[in-house]
Amino acid sequence: MQQFSEFLTYMQAKYPAAEITDYVKFLYQSAFGAGHFVQGEQSLASLLQEWGSATQNYAPLQEKLLGGGCRVYIGAAKAAGLTPGTLAALFATGAAPPLIEKNCNLQACEAKANGERTTGNGGIPASGGCANFYSANTHKTRVASQVAEDGPNGIKAGVLQAAPVAETTGASGMGAFTNWLQMLEEAAAAGQLPFSSGALAHYLAAYKAEGYPPVSHSEAYKNAYAPHYRVLNAAASLYLPLFIYIDKQLAGTSSKSEDKQVLLAVEGMCGAGKTSLAALLQSVYGCPVLHIDDFFLQPHQRTPARLAEIGGNLDYERFAKEVATPFAANGKIEYRPFNCETMAFEAPVTVKKVALVVVEGSYSTNPALLMPYTCKVFLSLPAAMQSARILARSGPALHRRFIEEWIPKENAFFEKFETEKSSDFVFSTEGL
């Protein structure tokens with residue numbers, strides 16, 4: 001729903017029994033997401049109570065909210081193959097801080113290796129190299145696309161993207177909420193709602209005096225529609241098809257499984273949010289995440305011929321030896337992260353055999369890595385937005401190198417190996 005008027009039309013057509021409090025609840029959830037609900041074990045326990053009796057009935061899987069998130073209906077989620085644990089974990093992210101993107105990558109390592117300062121507006125401190133420096137991803141003012149259908153395990157691998165919300169909706173939070181309430185009053189005054197302007201004014205006066213608390217659905221709404229859903233934020237909404245796919249793949253496995261494993265690659269354009277998605281996957285499943293940045297080229301490998309090679313700017317030989325080969329043999333991994341700040345190896349990292357392993361970063365789908373991926377995810381965004389994100393993250397000096405050098409190399413890799421075309425899921429993160 002890209003315009004407030006479309007929200008009004010939708011509500012009256014979909015929920016003719018809705019009362020004032022139901023309209024206010026929709027706007028409240030659009031502005032504040034799930035932040036006012038219980039979290040953690042209480043959230044899962046509450047969900048499990050509803051899960052057993054929930055049916056798909058009339059509800060879609062996702063119902064878009066104005067602020068970028070959605071309602072996910074339990075019956076439809078159950079039918080689609082999502083597990084209650086995953087839905088509860090995604091629901092909990094709605095009350096968490098914005099997703100973060102690690103401001104460290106092969107390109108920043110390249111600059112550091114060349115002795116360049118990498119400080120910028122939100123960039124890596126000059127003394128920080130590839131330390132764990134994070135910047136908040138605050139681009140959360142848009143509504144994610146509908147969930148696609150008909151692909152592997154019922155999921156379509158076509159481009160799923162975030163569609164812009166009309167400027168009248170603004171961002172989330174109290175400012176957006178009060179603005180929407182004012183627009184609701186204007187619609188009531190114009191006779192566009194199934195309740196009077198006077199009734200709405202009376203309700204809102206009392207509601208404001210109470211401090212705009214969360215509200216419940218009306219009894220009429222509950223009786224007519226039996227709503228059972230959870231509210232997800234924009235990122236969880238966009239990536240929901242991926243989580244359904246993973247849950248289906250993991251069905252019947254456990255962290256101690258001796259047979260089936262899911263190996264997932266998160267590839268894509270610079271600035272598209274690969275690290276953020278990997279962090280979301282890790283928060284939901286507790287899975288290990290391997291960062292391609294840990295396989296930066298060692299000094300003796302940085303020859304002109306190697307740097308000119310498409311996809312040659314990472315140590316794929318060591319990755320194949322320390323990660324891919326043992327993974328294929330027994331599912332267990334031990335590798336040594338290479339720190340591009342010190343140009344030295346750090347302590348070995350051991351990854352036990354688990355049901356899900358994520359590899360994230362640029363060039364993570366390079367065939368030379370020899371990784372037998374179960375699923376490959378590609379993240380994209382418009383070039384102008386990519387440029388703006390990199391400028392804000394890395395500063396003018398590195399931004400110029402990204403535009404003139406590193407992004408063309410990345411694009412050459414994508415073109416040579418048809419990376420986007422060969423991916424199982426393609427998401428546009430423009431709206432995150």
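**Calling things by their names: a talk through the model**

Modeller: Let's start with I246, which touches L264, L281, Y285 and L356, leaving aside residues up to four places away in sequence. Bear in mind that this is a predicted model.

Colleague: Where is I246 found?

Modeller: I246 is in helix α11, which runs over residues 240–250. One of the residues I246 touches is L281; the two are 35 residues apart along the chain, and their C-alpha atoms are 9.9 Å apart.

Colleague: What makes I246 buried?

Modeller: Its relative accessible area is 0%. The label needs a value under 20%, so I246 is buried.

Colleague: OK, on to rings. Why is the F32 and F177 pair called edge-to-face?

Modeller: A search of the whole structure gives 28 aromatic pairs. In the one formed by F32 and F177, the centres are 5.6 Å apart and the planes make an angle of 65°.

Colleague: Which helices hold F32 and F177?

Modeller: F32 is in helix α2 (residues 20–32) and F177 is in helix α7 (residues 174–189). The pair links distant parts of the chain, as F32 and F177 are 145 residues apart. Ring pairs also join F32 and F177 with Y28, Y203, Y207 and Y212 in a cluster.

Colleague: And F32 itself, why is that one called partly exposed?

Modeller: The relative accessible area of F32 is 26%. F177 comes out at 0%, which makes it buried.

Colleague: How do you know that F338 and F345 form an edge-to-face pair?

Modeller: Centre to centre, F338 and F345 are 5.2 Å apart, with 75° between the planes. That angle is over 60 degrees, so the edge-to-face label applies. F338 is buried at 4%, while F345 is partly exposed at 32%.

Colleague: What makes you say that the charged end of R306 sits over the ring of Y316?

Modeller: The distance from the ring centre is 4.2 Å, and the limit is 6 Å. R230 over the face of F91 is another case, at 5.7 Å from the ring centre.

Colleague: How many disulfides are there?

Modeller: The search of the whole structure finds 0. As for cysteines, C287 is buried at 4% and C375 is buried at 0%.

Colleague: Why is the contact between R318 and D315 called a salt bridge?

Modeller: Their side chains come to 3.5 Å, N to O. The cut-off is 4 Å, so the pair counts as a salt bridge. The whole structure has 11 salt bridges. R318 is buried at 6%, and D315 is buried at 1%.

Colleague: Which residue forms a salt bridge with E322?

Modeller: R318, with 3.2 Å between the closest N and O atoms. Both E322 and R318 lie in helix α14 (residues 316–330), 4 residues apart, about one turn of the helix. E322 is buried too, at 10%.

Colleague: Why are E405 and R401 separated by about one helical turn?

Modeller: They are 4 residues apart in helix α15 (residues 383–417). An α-helix has 3.6 residues a turn, so residues three or four places apart point the same way. The salt bridge between E405 and R401 has its closest N and O atoms 2.7 Å apart. E405, at 24%, is partly exposed, whereas R401 is buried at 17%. Elsewhere, salt bridges with shared partners tie D315, R318, E322 and R336 into one network.

Colleague: Last one: which are the buried residues of helix α1?

Modeller: F4, F7, L8 and M11, in a helix spanning residues 4–14. They cover an arc of only 100° around the axis, so they are on the same side of α1. Exposed residues T9 and A13 are on the face turned away from that buried side. Among what covers the buried residues of α1 are α2 and α7.

Key. Residues numbered from 1 in each chain as written. Predicted model: local features only at pLDDT ≥ 70, side-chain atom pairs only at ≥ 80, totals over all residues. Heavy atoms only, no water. Phe/Tyr/Trp six-rings, centres within 6.5 Å; stacked < 30°, edge-to-face > 60°. Helix = DSSP H or I, 4+ residues; strand = E, 2+ residues; numbered from the N terminus. Buried < 20%, exposed > 50% of the residue type's maximum accessible area, 1.4 Å probe, protein only. Lys NZ or Arg CZ within 6 Å of the ring centre and 35° of its normal. Disulfide = S-S within 2.5 Å. Arc of directions from axis to C-beta. Contact = heavy atoms within 4.5 Å.
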